[in-house]
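Here is a short briefing for a first look at this structure.

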Amino acid sequence: MPKVAGIDSSTQSCKVVVCDAESGAVLAERAAPHPDGTECPPHAWWAALQEAGDGLLDDVAAVGVAGQQHGMVTLDESGSEVRPALLWNDTRSAGAATDLIEKLGGPQAWADATGSVPLASMTVTKLAWLAEHEPANADRVAQVMLPHDYLTWQLCGRPTTAATDRGDASGTLYWSPVTGEYRTELLELAFGRTPELPTVLGPAETAGETSSGALVSAGTGDNMGAALGLGIGAGDVVVSLGTSGTVFAVHDRPTTDGSGIVAGFADATGRFLPLVCTLNAARVINATAAMLGTDIEGFNRLALAAAPGAGGLVLLPYLDGERTPNLPDAAGSLHNLRRSAMTPENLARAAVEGMLCGLADGLDALRDQGVVVRRILLIGGAARSPVVQAVAPLVFGGPVTVPTPAEYVALGAARQAAWALAGGAAPPEWTLAESVAERTRDVDPDAGAQIRAAYANARTAMHG
């Protein structure tokens with residue numbers, strides 16, 4: 001049977017999985033690290049892909065890339081990098097986001113045009129920042145891509161025109177999920193002109209071939225890849241706890257949330273992917289564990305020893321600023337300090353509760369956009385934590401389903417590659433559901449409501 005490969009080029013690393021094209025069974029996988037920080041030279045991603053894929057990509061029939069969303073990749077006329085890419089978690093363009101909202105007539109105008117409201121994470125704001133703060137670099141820009149576009153372009157031998165897909169393009173805020181077209185007037189509003197943009201391919205179309213003759217699929221963004229890898233359907237909502245936290249669902253129509261809380265993205269199948277993102281997720285746990293002088297196992301023991309509500313302590317976990325709520329310059333803050341509550345156990349518990357309360361707000365925002373929530377799937381590195389699994393049902397108000405740990409973004413990219421290889425109207429029916437195990441826990445609605453109310457009160461008191 002033919003083999004296909006899926007690539008997850010995330011903030012922290014590049015992961016490659018090789019699967020059987022018919023069943024989806026994982027045959028091999030490998031990873032290579034990326035440099036840390038909020039900007040990165042794109043060639044570092046290419047080097048990591050070559051390292052992780054060495055020997056694995058030689059005999060695959062098709063390959064797909066799912067990458068971190070929003071990153072601004074700028075190339076000159078020769079295809080050389082103009083500057084390091086600004087990543088989704090770089091907040092220097094917060095002022096540009098505010099200016100762009102005002103220029104177009106308010107947040108609802110942006111939501112109606114592109115499905116989303118500009119935030120510092122979005123590509124269009126980064127281009128506006130570049131035009132204002134680095135005009136010499138801006139003048140050199142001939143092409144603008146996203147991280148997954150860049151890797152697809154490299155895999156295809158650097159063709160004249162790059163390719164992207166609906167899902168990742170919808171995170172630029174100069175492409176409309178409603179019309180399926182670029183809104184170049186919005187790019188000109190931000191950047192002053194329209195550089196060359198990737199061609200937006202359909203879900204099963206191919207971008208080209210590798211030097212060894214493997215088909216290269218359209219690729220997509222990482223959240224869209226995870227949705228495809230999990231095989232989610234109506235009523236499924238995914239809460240992903242990685243470097244960032246995301247809450248998303250596949251939806252049958254585009255959303256246009258003028259509050260800016262829900263980003264109205266497209267997905268990788270021709271449908272839509274309303275999504276809420278927080279900048280702070282798994283690293284909140286890592287940072288709190290370091291502050292408490294313990295490792296992750298020690299942190300889990302401490303947090304599980306504390307009662308729900310953490311003795312009244314509330315952590316607003318905005319350690320890297322925040323995207324939802326839109327507080328790019330915020331810092332984390334600890335509230336309701338009393339001598340009786342000031343224990344390592346309560347602080348560890350408050351870190352987990354605070355991280356999850358922000359994502360519970362995201363669940364509510366999706367419901368407000370008409371998304372039906374029947375099942376909550378918890379994925380990402382932090383989803384493996386026993387304390388996260390214990391607290392999530394309490395904060396979310398119901399049981400959660402924890403899929404068996406797997407590289408779901410890369411699996412989604414591999415499934416897309418298999419779709420491109422086979423053609424047809426739908427992606428292949430891989431046996432995805434068998435990898436899912438439900439974790440049921442007792443839910444105390446009163447305790448959960450108290451935790452969320454304390455978080456909301458602290459957020460309002462601190463940030464209005």
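Is tyrosine 150 buried or exposed? At 2% relative accessibility, tyrosine 150 counts as buried, because the cut-off for buried is under 20%. Keep in mind that this is a predicted model.

**Aromatic rings**

- The structure holds 3 aromatic pairs.
- One of them joins tryptophan 45 and tyrosine 150 in an edge-to-face arrangement. Their centres are 6.5 Å apart, with 75° between the planes.
- Tryptophan 45 belongs to helix 1 (residues 42-53) and tyrosine 150 to helix 6 (residues 147-155), so this pair ties together parts that are 105 residues apart in sequence.
- Tyrosine 150 also pairs with tryptophan 153. This second pair is tilted, at 5.9 Å centre to centre and 40° between the planes.
- Tyrosine 150 and tryptophan 153 are 3 residues apart in helix 6, so about one helical turn separates them.
- In general, an α-helix has 3.6 residues a turn, so residues three or four places apart point the same way.
- Trp45, Tyr150 and Trp153 make up one aromatic cluster.

**Charges over rings**

- Arginine 92 lies over the face of tryptophan 129. The distance to the ring centre is 5.0 Å.
- Arginine 166 has its charged end over the ring of phenylalanine 272, 5.4 Å from the centre of that ring.

**Helix 12**

- Helix 12 covers residues 344-368, which is 25 residues.
- From its first C-alpha to its last, helix 12 reaches 37 Å, close to the 36 Å expected at 1.5 Å a residue.
- Glycine 370 follows helix 12 and has a positive phi, near 90°.

**Salt bridges**

- The whole structure contains 18 salt bridges.
- Aspartate 267 and arginine 166 form one of them, with the closest N and O atoms 3.8 Å apart.
- This pair links distant parts of the chain, 101 residues apart. Aspartate 267 is in the loop between strand 18 (263-266) and strand 19 (272-278), while arginine 166 is in helix 7 (residues 166-169).
- Aspartate 267 is buried at 4% relative accessibility. Arginine 166 is buried too, with a relative accessible area of 14%.
- Aspartate 236 forms a salt bridge with arginine 375, where the closest N and O atoms are 3.0 Å apart.
- Here strand 16 (residues 236-241) supplies aspartate 236 and strand 22 (residues 375-379) supplies arginine 375, 139 residues apart.
- Aspartate 236 counts as buried, at 11% relative accessibility. Arginine 375 is partly exposed, with a relative accessible area of 30%.
- Aspartate 252 and arginine 253 form another salt bridge, with the closest N and O atoms 3.3 Å apart.
- Aspartate 252 is exposed, with a relative accessible area of 59%. Arginine 253 counts as partly exposed at 43% relative accessibility.
- Shared partners join Glu39, Arg83, Asp90, Arg92 and Glu134 into one salt-bridge network.

Terms used. Residues are numbered from 1 along each chain as its sequence is written. This is a predicted model: local features need pLDDT of at least 70, side-chain atom pairs count only at pLDDT 80 or more; totals for chains, interfaces and linings use all residues. Side-chain values use heavy atoms; hydrogens and water are left out. Rings of Phe, Tyr and Trp (its six-membered ring) pair if their centres lie within 6.5 Å; planes under 30 degrees apart count as stacked, over 60 as edge-to-face and the rest as tilted. Helices (H or I, at least four residues) and strands (E, at least two) are DSSP runs, numbered from the N terminus. Buried means under 20% relative accessible area, exposed over 50%, partly exposed in between (1.4 Å probe, protein chains only). A charge sits over a ring if NZ of Lys or CZ of Arg is within 6 Å of the ring centre and within 35 degrees of the ring normal. The expected span of a helix is 1.5 Å times one less than its number of residues. A salt bridge is a side-chain nitrogen of Lys or Arg within 4 Å of a carboxyl oxygen of Asp or Glu.
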